[in-house]
Amino acid sequence: MSQQDELNQQRALLRKQLRRKRNSLSPQQQHAAAQSLYRQLAQQLVFRRAQHLAFYLACDGEISPHLLLEAALNQGKQVYLPVIAPWPKYKMVFQQLLPDELWETNSYAITQPRWNPQRQRPIWTLDLLCMPLVGFDRAGNRLGMGGGYYDRALAPLIAHEHIKMPTLLGLAHACQEVEQIPTQSWDIALQAVVTDSAYLLLS
Ligand SMILES: Nc1nc2c(c(=O)[nH]1)N(C=O)[C@@H](CNc1ccc(C(=O)N[C@@H](CCC(=O)O)C(=O)O)cc1)CN2
Ligand SMILES: Nc1ncnc2c1ncn2[C@@H]1O[C@H](COP(=O)(O)OP(=O)(O)OP(=O)(O)O)[C@@H](O)[C@H]1O
């Protein structure tokens, strides 16, 4: 087995364990975690200063950023959600959420705004990008669902060294921290991880 295969296998195993862990949280624990997450992030300058913010609709036991999303909308900020493109495969864009939103279900059975190119915003023009994590470590390495959607969406941004970049935040339950995430060459490190118990600034 190649080194790459071994790494993928390790990541797949870790993904399975950590997804099981977050899915075992009770509705009460999830509710409390969402409130704590809000308290950790709402007062931070990165949130207060941001005008264009990307969140996600929690599924699969993910920590829910819905309170932050609602606060952002109430403060007149623009909010975006990830939308999987009809084509090509593995393309994901960020589309503005509107009050009269029309929804669709993507190939993973996740609800997303109905595809509308006029409301999509290039990733490098976002101020804050909150990514759902399956796992993370203290070095800022992340483990996602395994589709590589965020990695691919961020890749051009890293390659061209844009002057403007969104602040990259990972959101997770504190119980999703591990000692070390086995990393891939294309992985993009986070600037901070926000959990229900801390705002972890990373190196
Ligand atoms: N809330 C939320 N929305 C999101 C993401 C996310 O991680 N969280 N995504 C971030 O990327 C995209 C969806 N990515 C996904 C990538 C892989 C799988 C997945 O592999 N699911 C299968 C396992 C493999 C399979 O059978 O195909 C599963 O559910 O078991 C699901 C979603 C877009 N929207
Ligand atoms: N920049 C990229 N260019 C091409 N392929 C990529 C890129 N990033 C990731 N991939 C592909 O996506 C697959 C999944 O990547 P990875 O395990 O890093 O996903 P993840 O970080 O868990 O998921 P996500 O980024 O969706 O949160 C990899 O096996 C790889 O083939």
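A pocket was defined, on a 1 Å grid over the protein atoms alone, as an open set of points where a 1.4 Å probe fits, with protein on both sides within 12 Å along at least five of seven lines; a molecule sits in a pocket if more than half of its atoms lie within 2 Å of its grid points. In this predicted model, local features need pLDDT of at least 70 and side-chain atom pairs count only at pLDDT 80 or more, whereas totals for chains, interfaces and linings use all residues. Residues are numbered from 1 along each chain as its sequence is written, chains are lettered from A and ligands numbered from 1 in the order in which they are written, and side-chain values use heavy atoms, with hydrogens and water left out.

The largest pocket is the space taken by ligand 2. The ligand is surrounded by 17 residues (a heavy atom within 4 Å), and the closest are Arg15, Arg142, Gly144, Tyr149 and Asp151. Helix 5 gives the largest share of this shell, five residues.

Polar contacts were taken as pairs of N or O atoms within 3.5 Å; within protein, one must be able to donate a hydrogen and the other to accept it, and residues adjacent in sequence count only if both atoms are side-chain atoms. An N or O atom in the Asp151 side chain is 2.9 Å from an oxygen atom of ligand 2. A polar side-chain atom of Arg11 lies 3.1 Å from a ligand 2 oxygen atom, and a backbone N or O atom of Gly146 lies 3.1 Å from an oxygen atom of ligand 2.

The side chains of Arg22 and Asp60 are joined by a polar contact of 2.6 Å.

Terms used
1 Å grid on protein atoms, 1.4 Å probe; cavity = no way out; pocket = protein on both sides within 12 Å on 5 of 7 lines; lining within 4 Å. Helix = DSSP H or I, 4+ residues; strand = E, 2+ residues; numbered from the N terminus.
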